[in-house]
Structures are given as structure tokens and as C-alpha cells.
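Visitor: I would like to learn how to read a protein model residue by residue. Could you walk me through it?

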Amino acid sequence: MESESILQFLENKTILITGSTGFLGKVLVEKILRVQPNVKKLYLLLRASDGNSANQRMHSEVLGKEVFRVLRQTWGTDFESFISEKLVAVEGDVSYENLGIKDSNLSKQMWKDLDFIVHSAATTNFYERYDVSLATNTSGVLNVLNFAKKCVKLKLLLHVSTAYVCGEKEGLILEKAFHMGETLKKTCSKLDFHMEKKLVEEKLNKLQTEGAAEATITRTMRDFGMERAKLFGWPNTYVFSKAMGEMWLLEQSKDNLLVVIIRPTMITSAYKEPFPGWIEGLRTIDSVILGYGKGAVTCFVTNPRLIFDLIPVDLVINAIIMAIVFNGNQLSNNIIYHVGSSLRNPVNVSQIHEFLFKYFTKHPLTRKNGELIKVGKGTVFKDMTKFQVYMAIRYRLPLKMLQLVNIASFQYFGEVYKVYKHKLKTIMRLVDLYRPYLLFKGIFDDINSEGLRLKAQESCSEVDMLNFDPKCIDWEDYIINTHIPGLQKYVIN
């Protein structure tokens with residue numbers, strides 16, 4: 001791209017965004033509207049029963065959120081008219097062909113007008129039902145691609161994936177594409193998406209024929225997803241289905257349609273924009289942070305020297321916009337960008353632990369009765385074996401004794417035993433789910449992202465407005481003064 005304004009590039013462009021009700025999607029919509037109000041149109045694909053319901057979802061679950069506060073203040077009484085001119089709520093679902101859009105006239109209009117598509121819709125639950133994950137994270141990508149192929153002037157399809165499609169690889173992890181059928185286990189046979197779909201259909205049909213309860217179907221399909229993921233070398237259903245989505249996207253994309261894949265690491269609260277600390281829901285690391293602050297997490301399964309690859313949401317959004325701008329006018333090859341911090345500004349587990357201790361010692365949370373919660377340093381286990389020994393002595397043995405007392409007392413302690421057994425089972429399942437990230441030994445190379453940053457510095461006047469360089473982050477200041485206060489304000493409260 002020649003020396004040109006990024007904002008001018010986005011002017012009068014039409015963009016389809018999937019996943020706009022999600023954390024990342026909301027911030028993307030807000031940022032585009034705030035920095036380039038002269039964008040022509042943003043189509044937001046939303047699951048809904050009809051067009052009116054889609055419009056209601058857009059207003060309540062996207063525009064009605066705190067993240068749009070700055071934009072509302074900027075436009076004042078003109079906000080609603082501005083929104084009605086720029087945003088179109090589209091009833092649809094990525095898991096269906098033609099994105100589930102029933103209005104044929106609307107589809108034709110979109111095929112005619114769209115310049116870019118940003119596909120960020122996904123189910124991010126590690127323990128999701130396999131049928132749901134496949135439909136959304138894998139088939140959904142194909143459905144978006146097929147829709148994109150019908151767009152007459154589309155310049156680029158940008159797909160938001162995750163850096164953790166790499167599974168549990170160690171060392172320097174490159175911005176490298178998957179080959180169709182590739183697995184992370186050398187001993188495995190080739191991965192066949194069509195076979196995976198067939199197995200899911202057979203499993204569902206069997207359960208339904210047997211008259212299984214919905215809870216049983218959900219539990220079985222969740223376990224089946226984890227089983228298939230681990231068979232091929234991925235730690236959970238989420239990253240497994242996202243990896244298959246990437247494979248199909250690059251395999252099926254046509255020559256004159258450029259595909260860009262953004263692979264963010266662990267996304268955290270806003271660093272600066274639209275205001276520091278904004279976050280929605282608990283992200284990967286946040287359950288541990290809040291559990292520690294509440295005194296519930298007193299031990300950790302991790303190595304203090306390991307790197308936690310965190311990246312604020314606004315830096316990810318800036319990378320997405322930069323990738324659109326610098327690839328949107330070029331007939332180049334498909335490209336993948338890692339967006340993270342582990343290579344250029346790493347923060348390790350020991351540092352984060354120290355930041356948390358410092359924050360919650362100075363700003364303790366309170367119990368329901370008003371009592372201040374005192375946090376300790378906690379116990380760190382560097383591997384699962386030591387942790388399991390600790391859990392056996394600290395919890396399993398007392399639980400076994402309670403079971404024996406319960407039997408001897410003719411089930412007098414039955415309910416108490418069931419509650420504690422369930423809690424222990426839940427803790428161990430969560431530890432197993434998060435173990436790959438707590439013990440992750442990889443560093444994400446970002447040579448493509450660094451190249452994008454350098455291009456921006458050389459040719460754009462608004463590079464500071466769209467900064468996504470992780471080196472700008474002071475981790476202690478960010479976590480203590482921005483991220484944890486943001487969690488308390490926008491999630492806990």
C-alpha cells in the first residue's frame with residue numbers, strides 16, 4: 001500500500017462481520033465506527049428467529065453494551081440515526097449454507113456490495129458438544145467461504161482463529177498453515193473431516209434412537225469431542241475444530257480471493273480503547289485470577305518460568321484492521337498472523353503471580369458477610385503428578401473417609417458426600433481442561449505480524465491509532481491498574 005491514510009482506505013467500504021455479539025466482535029464494530037464513521041455499511045450476522053429479532057439482538061447485545069459508551073457520547077442525540085445508516089442486522093447462522101440468510105434479496109445485495117468479510121463467529125467452549133463445535137467452527141468456516149465466493153467485488157476474507165490450534169507444541173511456533181488432513185500425532189491416520197461428520201451423525205442417531213435424555217446426549221457428545229481431539233493430538237474440542245476450519249478454508253479458497261488468518265493468543269481486557277480495562281465475561285486466565293482473589297485457588301499447576309502469552313483485545317482489533325488495509329488491495333498469497341506477546345514482550349507465570357499477590361493484598365475482595373479475604377502465596381506444582389499426589393492426600397483421602405462414615409451412619413452424610421464429590425470432580429476436570437495452557441511451553445513467532453507493523457510505520461500517519469505492538473505494554477502496570485480493576489468493574493459487579 002502506498003502512503004495512504006488507513007481511515008481513507010476504510011471509507012465507503014462495506015463489511016460483513018460474523019460473531020458481533022462476542023467479545024472480540026463488539027470491539028471490532030465499535031472501533032470501525034469510531035475511527036471511520038464514513039464506512040459505508042457494516043452487515044452484522046446474528047442468530048435470530050427473524051429480522052426483527054436480529055435487530056433487537058443487535059441493539060441489546062451489541063450496541064447496548066458499555067463498550068459503545070464513547071461512541072454514544074460522541075454522537076449524542078444523533079447516535080441512533082447514525083447507527084441506522086451504518087449497521088444492518090442480518091438474521092442468519094454460520095452453521096447453515098448461505099449463512100442461513102432466508103431473505104434472497106438481502107443475500108444478492110450483500111454479494112453485490114461486500115468489500116470484506118471478517119469471520120469471528122465461533123464457539124470457544126473447550127468442552128463443547130462435538131456436533132456443535134463441528135457445525136460452528138469447521139462447517140461454519142466453509143459456509144462463510146462459499147458465501148464469499150459469490151461476492152463479485154470481495155477483496156479479502158479475514159478469519160479469526162486461535163494461536164492454540166498448534167496444540168501442545170513446544171519451542172518456537174511458526175505462522176504456518178495446516179495441510180489438509182494433518183494431525184499433531186505422527187502415529188495417527190490422516191484426519192478426515194467428512195468421516196468426523198459421519199461419526200457425529202451416527203453417534204447422535206444412536207443416542208436419539210435409544211431415547212437418551214438431552215442431558216445424556218450433551219454429556220456424551222462433549223466427551224466424544226474430547227476423545228476425537230485427543231486421538232489426533234489436540235487437547236480439546238475447541239482448538240481441534242478450529243484447526244479443521246483452517247484446513248478447509250485454505251484448501252477450498254479460490255485463487256482470486258485472498259484469505260487472511262488472524263491467530264490471537266489469550267485475549268484480555270482493553271489496554272487503551274475504547275477505554276482501559278473493558279472486558280466481557282471471564283477469559284482463559286480470569287477464572288484463575290478471580291479464584292485466587294476469592295481465596296478459592298490456593299495451589300497452581302504450572303512452572304513459574306513458563307510464559308503466559310497475553311494480548312489485550314484492542315491490540316488484536318488493531319491487527320485485524322491493519323491486516324485488512326494492507327492486504328485488501330494486493331493480489332498476494334494467503335497469510336497467517338500470530339497476534340501475541342510471548343516473543344517480543346514476554347511475561348512469565350512467576351511475575352503474574354507476584355502481580356496478583358500485590359493487587360489482592362492491597363485491594364482484598366470481601367466475603368458475603370463483609371469479611372476481607374486474605375490471599376497467600378499459594379503452592380505451585382510444576383507437573384500434574386505432584387498435583388495429583390497433593391489432591392489425593394488433601395482431598396481424596398478425606399472424601400474416602402467421609403464415604404465410609406456415611407455408609408456406617410446409614411447415609412446420614414449422603415448429601416454432604418455428594419456435594420464434595422461433585423466439587424472435587426469439577427475441580428479435576430477444570431484442571432485437566434486448562435492444563436495445556438498452564439503448562440504450555442511454546443513461544444509464538446510473529447514475523448508476519450512484525451512485517452505488518454513495519455509496513456504501517458513506513459506508510460501510515462495513523463499508526464499510533466492502530467498500534468498492536470506488544471512491546472508498548474508494561475505488564476505490571478496493566479495487570480494491577482487496568483486488567484484486574486476491569487474484571488471487578490465489568491464482570492464481578
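This is a predicted model: local features need pLDDT of at least 70, side-chain atom pairs count only at pLDDT 80 or more; totals for chains, interfaces and linings use all residues.

Visitor: Where does Ser241 lie, and which residues does Ser241 touch?

Guide: Helices (H or I, at least four residues) and strands (E, at least two) are DSSP runs, numbered from the N terminus. Ser241 belongs to helix H10, residues 237-252. Contact means heavy atoms within 4.5 Å. Not counting residues up to four places away in sequence, Ser241 touches Ser133, Asn137 and Thr138.

Visitor: What does the side chain of Ser241 reach?

Guide: Here we look for a polar contact, a pair of N or O atoms within 3.5 Å; within protein, one must be able to donate a hydrogen and the other to accept it, and residues adjacent in sequence count only if both atoms are side-chain atoms. The Ser241 side chain reaches the backbone oxygen of Thr237 at 2.9 Å. Another case sits at the start of helix H6 (residues 104-113), where a side-chain oxygen of Asp103 comes to within 3.0 Å of the backbone nitrogen of Asn105.

Visitor: Which residues of H6 are buried, and what do they pack against?

Guide: Leu106, Ser107, Met110, Trp111 and Asp113 are buried in H6. The buried residues of this helix pack against strand E1 (14-18), E2, E3 and helix H7 (130-149).

Visitor: How should I read strands E2 and E3, and how many bridges join them?

Guide: Two strands pair if DSSP finds at least two bridges between them. Five bridges join E2 (residues 41-46) to E3, and the two run parallel. Leu42 stands opposite Leu87 in E3. Strand E3 (residues 87-91) is largely enclosed by the rest of the structure, because four of its five residues are buried.

Visitor: Which residues touch the most other members of the largest nonpolar core?

Guide: In soluble globular proteins, nonpolar side chains tend to be buried together. A nonpolar core is a set of buried Ala, Val, Leu, Ile, Met, Phe, Trp, Tyr and Cys residues joined through side-chain atoms within 4.5 Å. In this model the largest core has 124 residues, and Leu42, Leu158, Trp234 and Ile320 touch the most other members. Helix H12 (residues 313-327) gives the largest share of this core, 12 residues. Apart from that core lies another, of 27 residues, including Phe147 and Cys151.

Visitor: How covered is helix H11, and how many of its residues are buried?

Guide: H11 (residues 286-293) is mostly covered, with six of its eight residues buried. The cover over those buried residues includes strand E9 (299-301), helix H13 (349-362) and helix H17 (475-492). Just after H11, Gly295 takes a positive phi of about 80°.

Visitor: How many salt bridges does a search of the whole structure find?

Guide: A salt bridge is a side-chain nitrogen of Lys or Arg within 4 Å of a carboxyl oxygen of Asp or Glu. The search of the whole structure finds 24. One of them joins Glu273 and Arg34, with the closest N and O atoms 2.6 Å apart. This pair links distant parts of the chain, 239 residues apart: Glu273 is in the loop between strand E8 (266-268) and H11, and Arg34 is in helix H2 (residues 23-35). Arg34 has a relative accessible area of 23%, so this residue is partly exposed.

Visitor: What do Glu476 and Lys358 tie together?

Guide: Glu476 forms a salt bridge with Lys358, the closest N and O atoms being 2.6 Å apart. Glu476 lies in helix H17 and Lys358 in helix H13, so they tie together parts that are 118 residues apart in sequence.

Visitor: Is Arg453 buried or exposed?

Guide: Arg453 is buried, because its relative accessible area is 6%. Its salt-bridge partner is Asp446, with the closest N and O atoms 2.8 Å apart, and Asp446 is buried at 4%.

Key: Residues are numbered from 1 along each chain as its sequence is written. Side-chain values use heavy atoms; hydrogens and water are left out. Buried means under 20% relative accessible area, exposed over 50%, partly exposed in between (1.4 Å probe, protein chains only).
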